[in-house]
Amino acid sequence: MNSSVAALIVSHDGARWLPAVIEGLGEQRTPVDAVVAVDTTSRDGSAELLREAFGSVVEAHGSTSFPAAVSLGLEQLGDCEWIWILHDDSRPEPGALEALMRAAEAHPDVDVLGPKLREWPSLRRLLELGVTISGTGRRETGLERGEYDQGQHDEIRTVLAVNTAGMLVRRTVLEELGGFDAKLPIFGNDIDFGWRAAAAGHRTIVVPEAVVFHAEAAHRGVRRTPITGRHTHYQERRAALYTLLANAPAKWLPFQVLRLGLGTLIRMIGFLLVRQVGQALDELAAIVSLYSSPRELIGARRTRAERRPAEPHDVRHLLAPRWLPYRHGLDFVSDLAAAATDQASDVAERRRAAKLARDGTPVRRTAHDDEDDLGADSGFVVRFLTNPVAVVVSLFLIVALVGARDAFGAVSGGALSPPPGEAADWWNLHLEAWHALGQGTPVPAPAYVLPLAVLASLLGGSPAAAMSALLVLAVPVSAWGAWRLLRVIGHLVDVTGFRPGLIAWGALSYSLVPVVSGAWGEGRFGVVAAAALLPWLAHAALGFADPEADRRWRAAWRTALFIALGAAFEPMVFWVGVVLALVVVGTGFLISPQGMRDRSVWGPPAAALASVPLLLAPWWLPAVLNGAGAGLLLDAGRLPMAEVGFQQLVLGRLGDAGAPWWLGLGLVVLAAVALIPRATRIPVLVCWVVALGTAVLAAMLGLVVLDFPTITTGAGLGFLVVLLQGLFLVAAVIGGHGILSALPPTARWRRPVVATGALLAAVVPAVGLGWFALGGHSDLGDEADTGIPAYMTQTAMTGPAHGILVIRGEVSDGLDYSILRDDGITVGEDEIVALSAEEESMTRDVRELAAGPSPDVARELADHGIEYVVLPAPADGTVASALDATAGLSQASAENRSTRAWQVEREVAPDAVDGPDSALRVLLLVVQVLAILVVAVLAAPTTGRERR
Amino acid sequence: MSPQPGRRSAPGGRGGLTSTGVLAVLLPAATVGTLLLVQPHEPVDARRPPEPTTLKSAAVACPSPPDGPGVAYVGTAQADARGKVTVTTGGKKSSVPVRPGQLTRVPGTGPVVVEGEGDLAPGLLGGRFGDRRLAAVDCALPAPETWFTGVGAGTSHNSVLELTNPDAGPAVADVTVLASTGEIVDSGLRGVTVPGDESVRLDLSEAVPRRTEMALRVSVSRGRLAASVLDEVPQLGSRRLTQDWLAPQPEPAERNILLGLPSGAGAQSLAVANPGEDEVRASVKILTADAAFAPEGLDELRVPPGSVQTLDLSRAVREAVQDGAIGIEVTSTGPVTAGSRAVVNDDLSLSAPVQGYGSPMSLTVPPGRASVLLADADGVGTATITSWNRAGRQLAEKRVELKPGTGGEVRLPAGAALVRVTPRRTSVHAALMVSGDGATVVPFHEQVTEALIPDVRPGLP
């Protein structure tokens, strides 16, 4: 051991750690030959500590960077072969230097050695074993976060770089490479140095036998220096980008510049999504600062090029693999998704914990004896097959898919119009301020067009697939949502939760509500969608009961998203939300005015409801402005609304395509019986209170009569039917739990009684499912016969001005006319057409046309953008003969002999249905997008901010 | 959802009323009670009747003359309308003047289409007379559906259906033929296309040769068509050829009144067609000016679905005509169409059911002894019969008092060319009967003065 080693300690405000560092240095089994300490004007007495230990200290200015401090230290050093750099927060183990020196001896070609860095002060968590940098500038250690040192990495490896804390470097190499880059004052100078060393042909290894404990004070922001400033993330990011751009081979440079630019955008979005605005801004600032000073980079590259040998060594094998950044991205997204879905599930747990913290009553959670799990070591199939609940649920869902067979393919019928041809049609419908429907209308597209457009785009651009998915997946999705909801309610009601069988019964029964009600069969997809969303919405809203204010707020934004999505399909979701919020918050003020005064108690529900109008702004505001405000009370789909009265509300029926009415009696009777067990009476009463509120709303809305030019109809109460059924069901499940808990667990008659009750209760979902699976009740089908000759439809597709005027009815009973353009009325357009104001001149022309031959009518029809006139079978002979006698109309053929058709002989006016653009629409769309982004970001769970 | 319920050990185990117990009864009751208040929106009556308006344009078509060239008479029943109407004959359009009460001659060989606009649209009328022996027809308005009952396609008599298209575009008619054995499916008369401004004559002996009586239903599926049927009894030995037009019936009815019973020696028969799905029983009564009675020895006629049956009325009518009978009434258990034919004194005369109307009705009068037959008024009122000669001078005006179920017969002065029946406070069935060289009967029909403007509104697609 004839080589000399000098230790170089750089300190700045490190008095917290310095004593341990000095102690560690003193304990080295291989003592250092010299020590030079550099202090950059610490204000905490670090310099005194160092002076005490080592005799002298090099005092430097407070803004001296780490590279400059190292240079200063080097100047003060006498002759020595190795420099051992230590930070003021890195404590070497007694054998550290010994191990490093031994490795240096064993590998004479090595010029830079690094120890294994572990967490301060003496923990087993690994921090670094050599580092490298990924293509996106991420510092890669190759370790899991918080990985424990169990000797798993204990072999000497060649690496790109090692941390400067504990780095042992040949003095000649350090000087030859010009030391650390002064442009990297704190962060990243180690990687940059390693890269330069590797490019110059020097080898860097990590020696795991040498252990140094590191506090990473600067990185974690524990220590702020004039150099780090407040924005450590900015500094780190800038250093990483600088390192990449300064060292990358010239041929990669343009690509790298572009990639880092785009990458920054994506990373910013990622940071914004998890509400780390500061970090996002740091990202931006880093790249802007670097890109706006190209001279700095050019200078850096020139220096490197000068110092490098003519043929630089390839360092690619030392850099992180190319796929690594994407793998990190995927991990991030999946973590986020998992966190987002589980946000509310443990609200019961947290309430209990909060209660425990308040009054210290221990609550023991016991598993149900009759639902014992097989050991986790059994195979999945065994566990599945031996779990009756899992088997029943799976069978149920399979049969439900069979029952939904009518909805496969391009489905339409009942209240459901055919889907448009492409997702782009829906996007256009959503984006356009003026629709070429009828005579052209500014009535906005219904709000559900946006989610459907998104869904269709995700499904390969097929609206047919989107509608099909909506209808087919309605049962599974509502079952899943109901399962989650009932599980949380179970834990809220009772610490042990509901039995899985009971939850399964409730979830499956609920999932059939949209089907047996007849909403599914009648194609009332709005009700179906709202029914599928309802349990998810309720689950999110349970978050209002969370003991933590921050979680309540997040629950608010989550609930807002669900209400907005639900209200997009069924505006009634919003109104119900308003009524319930008023009832609940009002009751809260009555019971505990003091507690409710806290803004984080009443604020979240208020915010959830108040943000819905923003989220749906492009729909309701133009609707109200254009006299189509009645759309705020309508179900989605074709008019008229289903008739809803007492029977429908109590039995959960909507229209004629529902299951037999007596099946609906089951739920309401069970909900009433649920009030009997005392233990669970209060939560059941809560359900009934909400049901009463719903009933009041229904009674009020039952008085509403909406008079449209086309039809007179009542308000769309479909969602209220579903909501009542859901409430009855939750009440029944809670009551069922109450009854089961009230039965003495040891009684001999318990089992038969429970079994009988379960069998009786199972009748509700079983009969409903059987009825659904038999099929034949729905109005849905693959093809809609419009009665319009196919060649006309094809002509109509050539442009919106090539309209088809369809006249139905008889002279004696009145005639109805409608205008078909493009591909006819598709999903999303029904409401627009129904809510549009009547075009008086069009009505007048049709009247003239039907009353008798009139010479000018043909010209006016062409001006209205009408190319064909069709009287679908059975055509009124009087009207037909009047049209036959009208000059300017020539008879056109039709497949069906009793359908009559004419072609307008004049050219249609190409701009017949054009309308104005609207700046308001653009503004509202921007507002919507921003609102969705902001609410989604606010609703997202918090990720662990940074390593702490 | 927040309240944490008491567990089994929680208070509430004592008996008696608890607040939650009371609520457990009250809440469901209140909920159900409130739900009872929900009023479903009842769909309102969707019928929206049309509004009448003055007719602005009308067309009538006079059938071709029986053989060779002939003359059609065109006029207006409106008291103050004058001007020119458009006449299309043989593909040529011309304008002819029309004045109130006056008839204009339109000579030609083919059918004549008369179109009136504006004031001349309501009350537009025309007539065509046979030039061999007495035969007459009222120029018909185009109609979507027309029935002709008692047509033939055999040696005893043969009918020719003429379809005239008054418009420029093509028109299509579906002709259904009912015979004694039921509907003739392969008649080849479905989808008969009539080009614009042209007419088509269909000789039934070529299309559906049959010996029995038949009925035709002409249903216009495209365009407008005026239909007429000319029936002819061919010359046989000493019997001369005789022709007459059969008036159309708009739709089947359960009660049909056929007016005009020629007196003299000959055969009189009634054909009844049942277009329905079930067998129909029809009975016949004789109508006089003030009564209706069932003749003796006349059985009920059973008409199987889709078939045509005939009843010989010769004896019953011959006796009744002596007692002042003016027509017959056919009452049936289901809607039927009917037609009566008489070959009296070797002259054919045909009669079709007459509708009762309460508004003025006009006809052109062929030369001969003309009288207006009135029957079956539905209330107490009057009918005024006014006649004009060819020059437009009013000849006579006579008022007839009417009581429910009664009618009457009014002789027109010689030289009458135009006659109008104006019922007041009642509706009445009326027909014009002219005798002389044979006989002919033309039913009065309502003068169309109004068009119906349908209630039009935007509808659901």
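How many salt bridges are there over all chains? The count comes to 44 salt bridges. The structure is a predicted model, and the values below are computed from its atoms.

## Chain A as a whole

Chain A contains 35 helices and 19 strands. Along the principal axes, its C-alpha atoms fill a box of roughly 115 × 85 × 55 Å. Of the 948 residues in chain A, 55% are buried. Among contacts in chain A with a separation of 6 or more, 77% involve residues 24 or more positions apart. The chain exposes about 39600 Å², and carbon and sulfur atoms supply 61% of that area. Its charged side chains number 76 positive and 98 negative, with the centres of the two sets 9 Å apart.

## Salt bridges

Side chains of opposite charge can pair when their charged atoms come close.

| Acidic residue | Basic residue | N to O distance |
| A:Glu48 | A:Arg51 | 4.0 Å |
| A:Glu128 | A:Arg139 | 3.1 Å |
| B:Glu145 | B:Arg217 | 3.0 Å |

A:Glu48 and A:Arg51 sit three residues apart in helix α2 (residues 46–54) of chain A, about one turn of the helix. Both side chains belong to partly exposed residues: the relative accessible area is 45% for A:Glu48 and 34% for A:Arg51.

The closest N and O atoms of A:Glu128 and A:Arg139 are 3.1 Å apart in their salt bridge. A:Glu128 is in strand β7 (residues 126–128) of chain A and A:Arg139 in strand β9 (residues 139–140) of chain A, so this pair ties together parts eleven residues apart in sequence. A:Glu128 is buried, with a relative accessible area of 4%, whereas A:Arg139 is partly exposed at 30%.

In chain B, the side chains of B:Glu145 and B:Arg217 meet at 3.0 Å, N to O. This pair links distant parts of the chain, 72 residues apart: B:Glu145 is in strand β10 (residues 145–153) and B:Arg217 in strand β16 (residues 210–222). B:Glu145 is partly exposed, with a relative accessible area of 26%, and B:Arg217 is partly exposed at 27%.

Salt bridges also join into a network, which links A:Arg29, A:Glu98, A:Arg102 and A:Glu209.

## Surface patches

Which helix gives the most to the nonpolar patch? Helix α26 of chain A does, with five residues. The patch on the surface is formed by A:Trp661, A:Trp662, A:Leu665, A:Val669, A:Val673, A:Ile676, A:Ile739, A:Val763 and A:Val767, which together have about 790 Å² of accessible area. Helices α26 (661–673) and α29 (750–774) of chain A each supply at least two of its residues. One member, A:Val669, lies in helix α26 and is partly exposed, with a relative accessible area of 45%.

A patch of negative charge on the surface gathers residues from chains A and B: A:Glu643, A:Asp656, A:Asp779 and B:Glu42. B:Glu42 is in the loop between α1 (19–36) and β1 (51–54) of chain B. At 54% relative accessibility, B:Glu42 is exposed.

## Backbone features

Most residues other than glycine have a negative phi, and most peptide bonds are trans. The following residues depart from this pattern.

A:Leu639 and A:Pro640 are joined by a cis peptide bond with omega of about -5°. A:Pro640 is in the loop between α24 (617–625) and α25 (646–651) of chain A. A cis peptide bond also joins A:Ala873 and A:Pro874, with omega of about -5°. The loop between β17 (866–871) and α34 (877–884) of chain A holds A:Pro874.

In chain B, B:Asp197 has a positive phi of about 60° although it is not a glycine. B:Asp197 lies in the loop between β14 (192–194) and β15 (199–203) and is partly exposed, with a relative accessible area of 32%. Phi of B:Asp376 is also positive, near 55°. B:Asp376 is in the loop between β29 (369–375) and β30 (381–389) of chain B. Is B:Asp376 buried or exposed? B:Asp376 is buried, with a relative accessible area of 14%.

## Two further positions

A:Pro321 lies in the loop between α10 (294–307) and α11 (324–341) of chain A and is partly exposed at 36% relative accessibility. A:Pro321 and A:Gly135 are 186 residues apart in sequence and 8.2 Å apart in space, C-alpha to C-alpha.

B:Ala342 lies in strand β25 (residues 325–344) of chain B and is buried at 1% relative accessibility. Leaving aside neighbours within four places in sequence, its contacts include B:Pro262, B:Ala267 and B:Gln268.

Technical notes: Residues numbered from 1 in each chain as written. Chains lettered and ligands numbered in written order. Predicted model: local features only at pLDDT ≥ 70, side-chain atom pairs only at ≥ 80, totals over all residues. Heavy atoms only, no water. Patch = residues over 30% accessible without salt bridge, like charges linked within 9 Å, V, L, I, M, F, W, Y side chains within 5 Å. Areas by Shrake-Rupley, 256 points an atom, 1.4 Å probe, with all protein chains shown as cover. Helix = DSSP H or I, 4+ residues; strand = E, 2+ residues; numbered from the N terminus. Buried < 20%, exposed > 50% of the residue type's maximum accessible area, 1.4 Å probe, protein only. Contact = heavy atoms within 4.5 Å. Lys, Arg positive; Asp, Glu negative; His and termini not counted. Charge placed at Lys NZ, Arg CZ, Asp CG, Glu CD.
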